[in-house]
Amino acid sequence: MRNKKEYIIITGASSGIGRSTALKAAEEGFNLILSGRNVAKLNVTTKNCKDLGVEALSVCGDITEKSNQEKIINLAKKNKNIVGVVNAAGVGRFAAPDKLTDDMMDEMFNINIKAMFIMNRELIRIKDKKNFLNIINISSDCDQVAFPDATGYCATKGGVLMMSKALGLAVRKQNVRVACISPGRVDTYFNNKRPGMRVGALMPEEVAEVIMFAINAHKNIEIQEIRIDSMSRTW
Ligand SMILES: NC(=O)c1ccc[n+]([C@@H]2O[C@H](COP(=O)([O-])OP(=O)(O)OC[C@H]3O[C@@H](n4cnc5c(N)ncnc54)[C@H](OP(=O)(O)O)[C@@H]3O)[C@@H](O)[C@H]2O)c1
């Protein structure tokens with residue numbers, strides 16, 4: 001158990017990678033500020049973390065809405081020792097380009113890019129000068145590998161990768177380390193699937209292990225990007 005009151009903020013904590021990261025961080029003794037949209041699922045993650053003996057606070061709601069972003073930031077302001085943020089909230093809308101609507105594009109860009117940027121920016125703004133902050137932005141193999149029905153999703157994840165790199169350069173002298181983690185397929189609820197449906201995919205617990213490795217790494221190690229996939233992936 002950690003003796004310091006260190007907090008990690010996790011978006012997308014109601015499901016998949018975000019939920020697994022919350023549980024792993026709680027096992028390691030980190031306190032948590034968790035966010036997600038589905039109240040029942042977010043409550044389960046929050047309770048599971050508390051049962052592991054840490055403090056777990058939650059903000060339920062759409063991360064693209066300013067009021068919900070502010071609630072997370074206000075909690076972060078109160079609990080000053082924020083050592084990490086894991087931006088795992090994300091969606092993918094997949095269709096041939098002529099079927100990809102304006103709404104689908106807006107949804108992906110607003111969640112995957114804009115809300116992520118705002119969380120990054122606001123946490124840097126309120127960061128205590130002496131603290132070290134780990135920003136973990138969850139991207140995808142789609143940030144470098146193109147898929148024909150993923151025009152919009154690839155665009156957002158390519159954006160996550162380059163946004164993370166540019167931000168990392170801008171803030172590295174302020175004790176902020178920005179790491180972009182790009183997994184291949186992960187066995188979660190993503191894209192209306194259910195666990196068990198993505199045979200040979202990474203498990204969310206495995207991605208969580210890598211995320212916590214990045215958070216726990218020595219402060220002198222600049223982790224820019226980590227690309228991972230499953231050894232049993234068959235495509
Ligand atoms: N699964 C894959 O194959 C895969 C591969 C590479 C990268 N990724 C990336 O990994 C990240 C996590 O996805 P996952 O696989 O863990 O999928 P998931 O099980 O569907 O989880 C997605 C999470 O994002 C949250 N979320 C989505 N839109 C939101 C919004 N507007 N406001 C607040 N929360 C929102 C969801 O909340 P609710 O459920 O409460 O709505 C959920 O907690 C995403 O960025 C995804 O692009 C996934």
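Which helix gives the largest share of the lining of the largest pocket? Helix 1 does, with 3 residues. Helices (H or I, at least four residues) and strands (E, at least two) are DSSP runs, numbered from the N terminus.

This is a predicted model, where local features need pLDDT of at least 70, side-chain atom pairs count only at pLDDT 80 or more, and totals for chains, interfaces and linings use all residues. Residues are numbered from 1 along each chain as its sequence is written, and side-chain values use heavy atoms, with hydrogens and water left out.

Start with the pocket. On a 1 Å grid over the protein atoms alone, a pocket is an open set of points with protein on both sides within 12 Å along at least five of seven lines, while a cavity is a set of points where a 1.4 Å probe fits but cannot get out; lining residues have an atom within 4 Å of a point. The largest pocket holds about 1,200 Å³ of space. A volume is the space filled by probe spheres set on the points, which are joined across faces, edges and corners. Its lining has 47 residues, and Gly90, Val91, Thr188, Phe190 and Asn191 are the closest to its centre. Helix 1, strand 2 (31-36), helix 4 and helix 5 each give two or more residues to this lining. By class, the lining has 18 nonpolar, 18 polar and 11 charged residues. Here Ala, Val, Leu, Ile, Met, Phe, Trp, Tyr, Cys and Pro count as nonpolar, Asp, Glu, Lys and Arg as charged, and the others, Gly among them, as polar.

Now the ligand. The ligand sits in the largest pocket (more than half of its atoms lie within 2 Å of the grid points). Around the ligand are 30 residues (each with a heavy atom within 4 Å). Ser14, Ser15, Asn38, Tyr153 and Thr188 come nearest. Helix 1 (16-27) and helix 5 (151-171) each supply at least two residues of this shell. The shell has 13 nonpolar, 12 polar and 5 charged residues.

Next, the polar contacts (pairs of N or O atoms within 3.5 Å). A polar backbone atom of Ile63 is 2.8 Å from a nitrogen atom of the ligand. The side chain of Lys157 has an N or O atom 3.0 Å from a ligand oxygen atom.

Finally, the cavity. The whole structure has 1 cavity of 30 Å³ or more. Helix 4 (residues 102-126) gives the largest share, 4 residues. The lining divides into 7 nonpolar, 2 polar and no charged residues.

Definitions and conventions:
A polar contact is a pair of N or O atoms within 3.5 Å; within protein, one must be able to donate a hydrogen and the other to accept it, and residues adjacent in sequence count only if both atoms are side-chain atoms.
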